[in-house]
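Reader: Please show me the model. I would like to go through its surface and then one of its strands.

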Amino acid sequence: MKSASVNKLEFYTQMLAARYGSGEYFIEMNISFKSGTKSFPATVKKVGEELVLTFSGAKQSFTWKKLCDIARDYDAMQLIYRERGTDAIITADDRNVTLRYDDIAPVEKNTTATVGERQYLIAPPKANALLKEIGIMGQNGKIKNDMVRKYNQIDHFVELIADYLKKLDGKIEVLDCACGKSYLSFALNYYLRDVLKKDCHVTGVDYSQIVIDASRRSAENLGYSNMTFIKADLTTYKPERKPDVVISLHACDTATDMAIGAAINAGAKAIFAVPCCHKELLGQYSYEPFAPLLKYGIFKARQADLLTDSLRCLLLEASGYSVSAQEYISPVETPKNLLIKAFKDGKNRKKATQEYYKLKEMLGINPKLETLIKLEEN
């Protein structure tokens, strides 16, 4: 290849070198050197912290200069630099050297028969590696029948908070409290990092070492170096960095209180929680005017559910958050279908604090969440 073309190639490869940075989004490079009608393939992959070039049956440390030196001995070259969501393609010969970027747009429809026509943010085929790793998709490329419900839950959770996520700037700190098998952690990380192309760090916390170890392995398998999983008790856990977003999906009974409490204590900017079963208040509360109605067990249980989540919202308000609640997903998918959304605004809500204490006394209850946070009656 002529010197003029090699010089231009060096310029473009330096652009890719700058794009590479720490290599967090990098997948691989596929290169084809051409001499006459023959092609000579090469690959570049990240091994540990280094890039390794495989060419002519040998492996060696990769440098951008070495790439250009090899190109001098050939008539033409094509390089495909692949990162998450984008291909950068350099085509070089003696006539011209070009660089173009091809964004790989996320596919929004899953056409597998088990899922139907619902539109997904965490969608095949682009998300296949993720979905297979976390057990949502089988190796045959189809969503597992017994995982359709879980798939709908995590994808719709991301969908409901997507507009808020799009507004965030800088490095986004996400904390998943009581993360369990971390389905939601991985789905949200994929959406932020691979779809929105935002810089983010996701921490999953759970008391089970088994699920933490499994999540760490999955993050390693997926190349998600921006994910951390920690075994800890949420009642005492303090994150190293202030979270921008705290999420919690179906943390059982008072584990949802632990998640909300940890978020409040950490000063989280936004909290998104989908509660699970409620048991704590069922055996505590009573309200004499409603005694004829609450003698029916199923009604008392349902009222306990409503009281639990309503009091959580009230305590969030008292802690300086604007709060709303909405239907999370169809009851066909899960009977626990409420999403609590809270945004830190720092406003003094003396009335919410007073209302909480009044209700607490009237119902004869001691909610777990109050014991986890510092609540001052102004």
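Reader: What share of the accessible surface of the protein chain belongs to carbon and sulfur atoms?

Author: This is a predicted model. The accessible surface of the protein chain comes to about 18,700 Å². Of that area, the share belonging to carbon and sulfur atoms is 51%.

Reader: How far apart are the mean positions of the positive and negative charges?

Author: The protein chain carries 53 positive and 47 negative charges.

Reader: How many residues of strand S11 are buried?

Author: Across the 378 residues of the protein chain, 50% count as buried. Buried means under 20% relative accessible area. Strand S11, residues 245-251, is mostly covered, and its buried residues number 7 of 7.

Reader: Which residue of S12 stands opposite Ile 247?

Author: S11 pairs in the parallel sense with strand S8 (residues 172-177) over 3 bridges, and Asp 176 stands opposite Ile 247 there. S11 is also joined by 6 bridges to strand S12 (residues 270-275), again running parallel. In S12, the residue opposite Ile 247 is Phe 272.

Reader: Through which helix does the chain cross from S11 to S12?

Author: S11 and S12 run parallel. The chain passes between them in a right-handed β-α-β crossover. The helix on this path covers residues 255-265 and is H7.

Reader: What percentage of the contacts with a separation of 6 or more comes from residues 24 or more positions apart?

Author: The protein chain has 11 helices and 14 strands. Among its contacts with a separation of 6 or more, residues 24 or more positions apart account for 67%.

Terms used. Residues are numbered from 1 along each chain as its sequence is written. This is a predicted model: local features need pLDDT of at least 70, side-chain atom pairs count only at pLDDT 80 or more; totals for chains, interfaces and linings use all residues. Side-chain values use heavy atoms; hydrogens and water are left out. Helices (H or I, at least four residues) and strands (E, at least two) are DSSP runs, numbered from the N terminus. Buried means under 20% relative accessible area, exposed over 50%, partly exposed in between (1.4 Å probe, protein chains only). Contact means heavy atoms within 4.5 Å. Accessible areas come from the Shrake-Rupley method with a 1.4 Å probe; for residues, only the protein chains shown count as cover. Lys and Arg count as positive and Asp and Glu as negative; His and the chain ends are not counted. The place of a charge is taken as NZ of Lys, CZ of Arg, CG of Asp or CD of Glu. Two strands pair if DSSP finds at least two bridges between them. A crossover is right-handed if, with the strands pointing away from the viewer, the path from the first strand over the helix to the second runs clockwise.
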